[in-house]
Amino acid sequence: MNSFDVVVVGAGAVGTSVAYHLTKKGFEVALVERGDIASGTSSHCDAVALICDKKPGIDTQMGYASIQVFKELAKEFSYDFEFHQPGSLYVCETDQEYEVAADYVKQQQADGYAMRMVDPYEMQEMEPYLAKDLVGGIWTEPDSSMSPYKLCFAFVEEAKKLGLKVFDHHTVQGIKLNEKGSVEGVITDRGTIKTKRVVNCGGPWARELGKMVGLDIPIFPRKGTILISEKTARVCNQKVHEFGYMLSKFEDINFKRNVSELVEKHNVAFNIEPTKADNFLLGGNREYKGFDINTEIEVMRAIAERGIRFFPIISEINMIRAYSGVRPYCEGHLPIVSEVEEIPGYFIAAGHEGDGISLSGITGRMVAQIMAGEETDFDISKLNFSRFKGQTFADDMAE
Amino acid sequence: MSQNYDDDMLVCRCEEITVGEIREAIRQGARDVTGIKRRTRAGMGLCQGRTCEKLVQAILRQELCNAPEEISAATPRPPVRPITFGALGRGEVE
């Protein structure tokens with residue numbers, strides 16, 4: 001193992017995108033990963049890049065820019081990561097939800113995004129199997145879908161052509177600093193790699209990688225569960241989800257849905273998406289359970305129950321697999337994408353929670369811009385790690 | 001299990017994945033059944049690898065020259081056999 005301009009730690013969607021974009025910029029890059037590529041969060045998640053679930057402002061701006069990155073790369077890459085842009089449909093159960101949705105759409109439209117309200121009649125045309133009693137929804141044209149792990153493989157395979165070196169099955173045990181406190185190397189269980197720059201793309205494990213240099217990174221694992229159907233004739237044509245999902249995602253909106261105790265207890269919100277392999281994914285929920293990714297039968301049951309409420313037709317379709325994964329929840333909901341002031345050469349690109357796939361494209365691009373000393377596409381001061389200065393965080397998150 | 005399989009032999013019947021595709025995944029860095037699965041879809045179909053997992057392990061052993069115990073199996077996940085979303089949602093499960 002010799003020396004590299006940059007060592008990227010973590011080969012999920014964010015890490016592989018960062019590695020690709022840095023390699024493309026001309027840096028000599030090593031990608032270090034404890035397991036296989038895409039073996040953590042990025043293979044235990046859903047498969048979409050959306051703007052419809054982002055807050056107006058920087059969140060949406062990043063989401064939209066990321067979709068543009070994927071669009072370009074899908075044309076450029078010879079490795080197919082199944083990018084397509086079918087749009088997405090948010091559905092409202094009540095007039096109250098519809099009103100909140102309409103307000104939200106107005107803000108997004110004012111910012112120039114292609115979102116609009118649709119009535120029940122149009123929804124039925126778009127999604128003939130959708131429950132008939134819904135009051136309307138939001139259709140978002142730019143929303144996209146792809147295979148999350150193929151995305152990681154694509155970034156890696158394309159970057160390898162440009163010189164990226166991959167050290168999979170190498171566990172990082174420490175970050176070496178020099179007497180001035182700047183990064184000097186990355187210590188793995190199979191040797192030390194010399195470098196002046198390291199990027200922490202550890203996702204839910206970013207906190208652990210921060211502790212190695214005394215940083216208190218407020219990123220915590222948040223569990224989600226997804227069910228997979230057998231191959232079927234088309235049930236849905238795009239991502240369809242309940243507007244309540246957004247309301248459950250942002251804890252500052254106090255909104256109560258009319259759902260069963262089981263659904264409420266497990267924080268389950270309906271979402272469904274078709275895959276290129278003719279299955280569909282049915283989700284989902286969010287809960288804090290540490291790094292435990294065992295799939296609980298009660299949660300599976302609640303997801304199925306909620307799914308049938310919106311797509312009654314799935315009642316007779318088989319589920320062939322269920323899985324759970326941990327998403328990197330970051331305090332305050334925005335990811336961290338910046339250098340760390342206290343430790344020159346230490347960068348963080350993590351904490352995207354359920355938006356890691358979605359935002360991986362733009363995150364890689366921004367890290368490459370930061371490192372090359374270029375101006376980023378837009379102001380990302382809100383993503384700076386310095387926003388947590390002087391704060392300390394407990395290790396355990398509880399509901 | 002030591003014979004040399006032809007590249008065009010079908011391994012995963014549900015997803016129609018051949019020996020050649022498994023070998024290509026190994027060249028790309030796959031080292032276990034799960035790595036093969038994510039790169040090729042072998043084992044992602046209706047039977048969830050019940051038919052092909054042993055064969056995938058055998059090819060991995062052959063290509064990587066590993067001992068049998070070094071090739072781990074796929075992660076076991078529910079359900080044990082397919083169940084309709086309806087039965088699951090109504091709680092008709094053991």
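Visitor: How many residues of domain 1 of chain A are in contact with domain 2 of chain A?
Guide: In this predicted model, 17 residues of domain 1 of chain A are in contact with 12 residues of domain 2 of chain A. On the side of domain 1 that touches domain 2, the residues divide into 7 nonpolar, 9 polar and 1 charged.

Visitor: And where do those domains run in chain A?
Guide: The domain assignment of chain A gives domain 1 as 3-44 + 149-218 + 332-388 and domain 2 as 88-141 + 221-330. The C-alpha centres of domain 1 and domain 2 of chain A lie 31 Å apart.

Visitor: OK, switching to the other chain: what touches what between A and B, and how many residues does each give?
Guide: The contact takes 28 residues from chain A and 21 residues from chain B. On the side of chain A, the elements that give two or more residues are α5 (148-161), α9 (297-310) and β18 (318-330), and of these α9(A) gives the most, with 7 residues.

Visitor: What's the make-up of that side of chain A by class?
Guide: The side of chain A that touches chain B has 15 nonpolar, 5 polar and 8 charged residues.

Visitor: Which strand of chain B pairs with β18(A)?
Guide: That strand is β3 of chain B, residues 83-84, which pairs with β18(A) in the antiparallel sense over 2 bridges. Within that pairing, A:Asn318 has B:Thr84 as its bridge partner, while A:Met319 stands opposite B:Ile83.

Visitor: What else does β18(A) pair with, inside its own chain?
Guide: Strand β14 of chain A, residues 219-229, and β18(A) pair in the antiparallel sense over 11 bridges, and one of the residue pairs there is A:Ile228 with A:Arg321 as its bridge partner in β18(A).

Visitor: Is β18(A) mostly covered or mostly open?
Guide: β18(A) is mostly covered, with 11 of its 13 residues buried.

Visitor: Tell me about chain B itself; what helices and strands does it have?
Guide: Chain B has 4 helices and 3 strands, and read along the sequence these follow the pattern β-β-α-α-α-β-α. The C-alpha atoms of chain B fill a box of roughly 50 × 25 × 25 Å, taken along the principal axes.

Visitor: How much of chain B counts as buried?
Guide: Of the 94 residues of chain B, 35% count as buried.

Visitor: How does α10(A) sit against α1(A)?
Guide: The axes of α1 (residues 13-24) and α10 (residues 356-371) of chain A come within 8 Å and cross at roughly 35 degrees, and the crossing is right-handed. The residues that meet include A:Ala13, A:Ser17 and A:His21 in α1(A), and A:Gly356, A:Ser360 and A:Ala368 in α10(A). By class, the residues of this contact divide into 9 nonpolar, 7 polar and 1 charged.

Visitor: Last one: what about the sheet of 4 strands, what's its order?
Guide: That open sheet of chain A has the order β1-β12-β11-β10, again with mixed pairing, and its edge strands are β1 (3-4) and β10 (172-177), each pairing on one side only.

Definitions and conventions. Residues numbered from 1 in each chain as written. Chains lettered and ligands numbered in written order. Predicted model: local features only at pLDDT ≥ 70, side-chain atom pairs only at ≥ 80, totals over all residues. Pairing = 2+ DSSP bridges. Contact = placed C-beta atoms within 7 Å. Nonpolar A, V, L, I, M, F, W, Y, C, P; charged D, E, K, R; others polar. Buried ≥ 20, exposed ≤ 12 C-beta atoms within 10 Å, placed from the backbone. Axes fitted to C-alpha atoms, helices over the stretch in contact; angles between N-to-C directions. Left-handed = near helix turned anticlockwise from the far one by under 90°. Domains from an automatic or database assignment.
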